[in-house]
Amino acid sequence: MCPTDKTCLVNRESNSTAPFRASRRSRRLPILHGAILTLLCLAVATRLLADTISGTVKDPSGAVVVGARVEITGGSLTQPIILTSDDSGKFAAPNLTPGKYVVRVAKTGFDELVTTVDLKGVADLPLNLTIAAQQTSVTVTEKNTAFANSDAVYRQLRDIGLSETFVCENFTLTMDVGTFQLKSGTITLLSPVNRLITGAIFVGHGHFTLKPIDQINTREMIRRTGNPTAEEDFTEVVFRFTGNQYPQFAGTLITKTQTPSEAAAAFQHWKDRVRHRHEIPEGFTQGILEGETIDNVDADVLSAIYNPKHPPFFNAYMRGTPHKDLRFFIRARVGALPQMDSPEEVALVNSNGGELDDGVWYSCHLASELKAHTANSREDKRLFATKRYNIETVIAKNDHLHSRAIITFEPLVPGERVLKFGLLPTLRVARVTDQNGQDIHFIQENKKEDGSFYTVLDQAPAMGQEHSISVEYAGDKVLADAGNGSYYVSARESWYPNLNGFGEKALYDLTFKVPPSNVLISVGKLEGQTTEAGFAVSHWVTPVPVAVAGFNYGQYKKIDLPDTITHYNISGYYLTELPDSLRRFQGGAFGASPASMQSGALAAMSPTAMTKFALDQTRAQMQVCTMFFGKAPYDNVYITEQPNFNFGQSWPGLVYLPISAYIDSTQRWMLFGHIDTKFTGFVQEVTPHEVAHQWFGHGVTWASYHDLWLSEGFAEFAAGLFLQQAVGVKWQKDYIDFWERQRVRILEKNNFGVSPNDAGPLWLGLRLLSPRSAQAYQGDTYSKGAYVLLMLRSLMYDDRAPGDNREQPFVDMMHDFMETHHDSPASTESFIAIAEKHMTKQMDLQRNGHLDWFFEEWVYGTQVPHYDFKYQLQPAEGGKTRIRAEITQSAVDEHFAMLVPVFGDFGNGMIRLGQLAIAGNSTRTVDFIVDRQPKKVALNAYKDILER
């Protein structure tokens, strides 16, 4: 077991041998060498007694400045003395005559320093440079500008017009599970580009039908529309597709007619919808469709024109009744909704702002894959695989970023020339060059439009070989000054050109240059720190591939905490001042009134002590997770404070904790005016949850949006595990309260009468979000995901094994899960395979070696049982006691089965007696024979099983 008393987790190191080592080194100098050293020292001392000007050049932070130019004039000098500060920032000009001298110090990035010296003997000058006013900018030359949005074929697509128009009557177009009935109207083709037709516009009267062929999507369609099938009348639809999809329309392209004005209007409606983005999304679909990776449809079509073997796609944008923006996508390889980490090729989206019917109505694999049983969430959707990022970033005084990224990649699909990156639209690309330094075309429309960043290679890179490009870019909105040396760090996945997001791992080599008053903490290992041109420079390298790079930034102080048990290097970075948003609570006056208490709530805040507490929690959680899940993939973990109040996040080796985690319970009571149990729970959970992401989310990544529960749910489970294993002997109350909070988050109904569990199965992930179920993703992915793992732990618990081995099946499963997915993302299906590999005989309720019964209930289903329990104590033979327990399961169907644990309290807390299998709405009676009479018997005493 991991030590549970926090005092046992304190590491101490002795320094008692240091004097002995020093004395050994001093005795190794022979006497003759000592005499020579004495003579040399006397010689140097004599020399410095002559008139000398010396000094040390430092920057505003006190760091020495190497390589500064020092010019000394005046006195009896006939020409200037030119010196350079050495590695210690020092210089010296000896053998001068008395007199008045002028010393000028210059270094790029600093203001020139001029001082006068009336020399009489030795003058040792402290020379502190000031940083020159920074006007950091990226100059976009005419040559660079010529390569932006200017590829000849792209310009044809961007400015495309209308071509021929045909009468369209009673034409049916079936695309996978979607059917378009073009009843009456016209269909107008877009002008050909490179002799390829890439789009068509229908205006008139039509009808669209989508009928799901699987149960989960059918149930979701009913939740969204009230019907098992999507049915929509439309008056216009714009089709965009790869050239190989054009023959689908051949059956209706017979009778030509004049192009109606409605066709041009429909095309303009389409442009207004897909070429413009809302800076603040009004709903879920705007959030995913208009983010950093918003589709530039013209750039997507360009990919297919330049590569005839590009994976095909077919997009339909309907203006219907009643839905004005209904979008149907079929996209091979990259997925219908890559912005959502979707592995599925087919989707139907109703983009309707913040309205109640906004959402992803359908997302599934191709019908042909479902029928052939070849659908797989772990399909590789990438066109290119990133190998390395080498990024140099300057943060200017105005908090703007100026960066150059060298991205090394390998093609996965032959013939591909267009790469799409995730990059914050306010970061504007200035130049892209290939590995030979030659400028290449790139695409990045206005930040208020479809401004995703694409590069266009001059030729398709050879398969099986690495290639690289260099991207120069600059802009704002990554950092926002929170006041008093703290910063909000945004765009944590898109502050650099990110090729595949969390879909892969790559190596990162990161150099940051920042004003010296601030500290930057990055993913990776710190390899070196210097000063350059008035900036503090730090160099970070990831020893192993990671899924994402990020940093925190501000006026931080650092504390290190050793861990001699697991040997992780743990450091804490904290802010000494409150951000502007909280300064009003730092008033010194303290009184009895609620107002005065609140104004002084944070006056006694102790960031140093609270950082030590956070580090103590981190170290304990690292030890717990190492025991249960295996060694973490990163040796260094940086725990950093951020000004965000109720938001934590974890990047590889870098944890962002909210400032509320640094506020103690008394201060929170004064701040809120009452004890907020929900927020207390958040503060209690946030550090162990975010630390656990070093295993779940980074050590093992997820394959798709279906599998996010393997990250968030497992990390939430680990937070509960922390409360049981690392807080001392009186863990029971906090642990039970934690799981009660999870239960409430899953089952509590909102104002629409919908609980997260009601919204749909855990497997739907982000698709659970809708205006009627705003908390469904959080409640299911985090809380129900945690409960699934907790229930597996309960099911795997070996009641007959010796005490230390009862958890071994579960521990073995989790270690196997981590090791198996070290280099590949985990899917729900791959986790099921691991669980079945380690399942116990008692778990095999269907006698088939599978856990279908469990995962169908808890991951793919929404049933939650209710239990009633009663028992009798009776004397048994040999002075023992018989516990006759009766359990009733209800609120489920006849197929629902579960193993439920029974506990007895014999005077020292609840001890597990065993678990009972029960199926359907039924009652079961069972006897337990125990050595002595218990004080109490209870079902599910530690809330191991989710129940109503």
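Asn 484 sits in the loop that runs between β24 (479–483) and β25 (486–489); strands here are DSSP runs of E with at least two residues, helices are runs of H or I with at least four residues, and both are numbered from the N terminus. Although Asn 484 is not a glycine, its phi is positive, at about 60°. Most residues other than glycine have a negative phi, and most peptide bonds are trans. Asn 484 counts as partly exposed, at 34% relative accessibility. On this scale, buried means under 20% relative accessible area, exposed means over 50%, and partly exposed lies in between (1.4 Å probe, protein chains only).

A word on what you are looking at: this is a predicted model, in which local features need pLDDT of at least 70 and side-chain atom pairs count only at pLDDT 80 or more, while totals for chains, interfaces and linings use all residues. Residues are numbered from 1 along each chain as its sequence is written, and side-chain values use heavy atoms, with hydrogens and water left out.

**Other backbone features**

Ala 891 is another non-glycine residue with a positive phi, in this case about 70°. You will find Ala 891 in the loop between β37 and β38 (897–905). The peptide bond from Thr 321 to Pro 322 is cis, and its omega is near 10°. Pro 322 belongs to the loop between β13 (313–321) and β14 (326–331).

Gln 874 has Arg 882 in β37 as its bridge partner. There are 5 residues between the strands of this hairpin, and Gly 878 takes a positive phi near 70° in it.

**The chain as a whole**

The protein chain has 20 helices and 41 strands. Its C-alpha trace spans about 100 × 100 × 60 Å along the principal axes. Of the 948 residues in the chain, 54% are buried.

**Charges and salt bridges**

There are 90 positive and 105 negative side chains, and the centres of the two sets lie 4 Å apart. Lys and Arg count as positive and Asp and Glu as negative, while His and the chain ends are not counted. Each charge is placed at NZ of Lys, CZ of Arg, CG of Asp or CD of Glu.

Which of these charges meet? A search of the whole structure finds 44 salt bridges, each being a side-chain nitrogen of Lys or Arg within 4 Å of a carboxyl oxygen of Asp or Glu. Three of them are set out here.

| Salt bridge | N to O distance | Accessibility of each partner |
|---|---|---|
| Glu 164 and Lys 256 | 2.5 Å | Glu 164: 34%; Lys 256: 54% |
| Glu 220 and Arg 224 | 2.9 Å | Glu 220: 2%; Arg 224: 11% |
| Arg 388 and Glu 466 | 2.9 Å | Arg 388: 35%; Glu 466: 38% |

Glu 220 and Arg 224 both lie in helix α5 (residues 215–225), 4 residues apart, or about one turn of the helix. Glu 220 is buried, and Arg 224 is buried too.

Arg 388 and Glu 466 form a salt bridge that links distant parts of the chain: Arg 388 is in strand β17 (residues 384–395), and Glu 466, 78 residues apart from it, is in the loop between β22 (453–456) and β23 (467–475). Elsewhere, salt bridges that share partners join Arg 158, Arg 240, Arg 275, Asp 298, Glu 445, Glu 449 and Asp 450 into one network.

**A buried alanine**

Is Ala 715 buried or exposed? Ala 715 counts as buried, at 0% relative accessibility. This residue lies in helix α14 (residues 709–725). Leaving aside neighbours within four places in sequence, Ala 715 is in contact with His 689, Ala 692, His 693 and Phe 696. Ala 715 and His 693 are 22 residues apart in sequence, with their C-alpha atoms 5.8 Å apart in space.

How values were computed: Pairing = 2+ DSSP bridges. Contact = heavy atoms within 4.5 Å.
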